[in-house]
Amino acid sequence: MKILITGNMGYVGPVLVNEIKKSLKSSEIIGFDTGFFGHCITKDYFPETFLKKQFFGDMREFPEEILEDIDAVVHLAAISNDPIGNKFENQTKDINYEASVALIKKCIRKGVKKFVFASSCSIYGQSQGNSRTETDELNPLTAYAKSKVLSENIFQNLNNSDITVTSLRFATACGMSSRLRLDLVLNDFVACAVTSKKITVLSDGLPWRPLINVRDMAQAIMWALGRDKSNGGKFLAINTGFNSWNFQIKDLAYKVAEIVTGTKVFINENAPADKRSY
């Protein structure tokens with residue numbers, strides 16, 4: 001199988017590349033990335049050494065010829081930090097939505113058979129009551145979440161196409177990667193505990209956040225790459241995480257403090273309510 005990964009030089013990409021090479025030893029992996037975070041390495045080698053070829057560029061100017069003979073595309077590339085997305089809302093929509101739609105249309109023209117889309121549980125936004133299922137109403141609150149909903153709406157209404165699309169609505173990522181992100185809630189708490197013995201929760205700590213280890217994200221993508229349209233249809237959106245890994249923010253902070261001894265937790269109980277709870 002010949003696989004293209006967009007955004008392969010981010011947080012998830014290196015872990016996914018390792019999983020593909022372990023599970024699909026004869027596969028060829030092509031990468032496409034801006035390279036903005038190429039220097040952010042936690043190990044002594046670059047994950048791109050396992051790739052057949054690495055392309056650099058902007059998703060808004062993605063060259064269609066790269067898709068020649070590609071069997072499957074894993075689309076990770078996105079502006080995924082909420083503060084950046086909210087400050088640069090137009091650019092977020094252009095990259096996360098417009099470029100994603102353009103990409104899948106190019107995939108269809110080139111005969112790509114599988115398209116795996118990194119969506120997000122944040123599309124449920126503010127929710128009340130029981131855990132959200134795939135048929136529940138979506139309520140995206142951020143530019144990032146809105147871009148994922150817009151993209152899914154297009155993907156599930158593709159006509160006259162044989163491409164199989166799997167939209168993985170990932171829980172909040174955590175865990176170790178060759179390119180580590182420390183702006184994700186659990187990773188942030190651990191980094192603060194290790195470096196300063198202090199965790200400051202900027203909200204009132206009441207919202208719920210589901211978590212998923214980045215290695216499990218890679219496993220889910222592998223499943224999606226192997227999914228046949230007889231299992232879920234041509235388009236499938238699926239929540240991707242664990243029921244037991246859903247925590248209130250304040251409880252998550254205290255759990256980290258229990259493990260990293262000597263850590264103090266400070267919660268801003270007077271902060272405006274964080275509506276992002278899912």
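1. Start with Glu48 and Arg179: in this predicted model, their side chains meet in a salt bridge at 2.8 Å, N to O. Glu48 sits in the loop between strand S2 (28-33) and strand S3 (53-56), and Arg179 in the loop between S7 and H5, so the pair ties together parts 131 residues apart in sequence. Both ends count as buried, with Glu48 at 16% relative accessibility and Arg179 at 2%.

2. The count of salt bridges comes to eight. Another one joins Glu64 and Arg109 (3.0 Å, N to O). This pair also links distant parts of the chain, with Glu64 in the loop between S3 and S4 and Arg109 in helix H3 (residues 89-110), 45 residues apart. Glu64 is partly exposed at 23%, while Arg109 is exposed at 55%.

3. Asp58 and Arg60 make a salt bridge too, at 2.7 Å, N to O. Here Asp58 is partly exposed at 23% relative accessibility, and so is Arg60 at 44%.

4. On to the inside: the largest nonpolar core has 29 residues, and Ile5, Leu16, Val74, Leu76, Phe170, Ile221 and Leu225 have the most contacts within it. Several elements each supply at least two of its residues, including strand S1 (2-6), helix H1 (13-23) and helix H6 (214-226). H6 gives the largest share, eight residues.

5. Ile5 is worth a click. Beyond its neighbours within four places in sequence, Ile5 is in contact with residues including Leu16, Ile30, Phe32, Val74 and Leu76. Apart from that core lies another of 23 residues, among them Cys107, Val112, Phe155 and Leu158.

6. Last, the surface: Met176, Leu180 and Leu182 form a nonpolar patch with about 270 Å² of accessible area together. Leu182, in the loop between strand S7 (172-174) and helix H5 (185-196), is partly exposed at 45%.

Technical notes:
Residues numbered from 1 in each chain as written. Predicted model: local features only at pLDDT ≥ 70, side-chain atom pairs only at ≥ 80, totals over all residues. Heavy atoms only, no water. Patch = residues over 30% accessible without salt bridge, like charges linked within 9 Å, V, L, I, M, F, W, Y side chains within 5 Å. Areas by Shrake-Rupley, 256 points an atom, 1.4 Å probe, with all protein chains shown as cover. Salt bridge = Lys/Arg side-chain N within 4 Å of Asp/Glu carboxyl O. Helix = DSSP H or I, 4+ residues; strand = E, 2+ residues; numbered from the N terminus. Buried < 20%, exposed > 50% of the residue type's maximum accessible area, 1.4 Å probe, protein only. Core = buried A, V, L, I, M, F, W, Y, C linked by side-chain atoms within 4.5 Å. Contact = heavy atoms within 4.5 Å.
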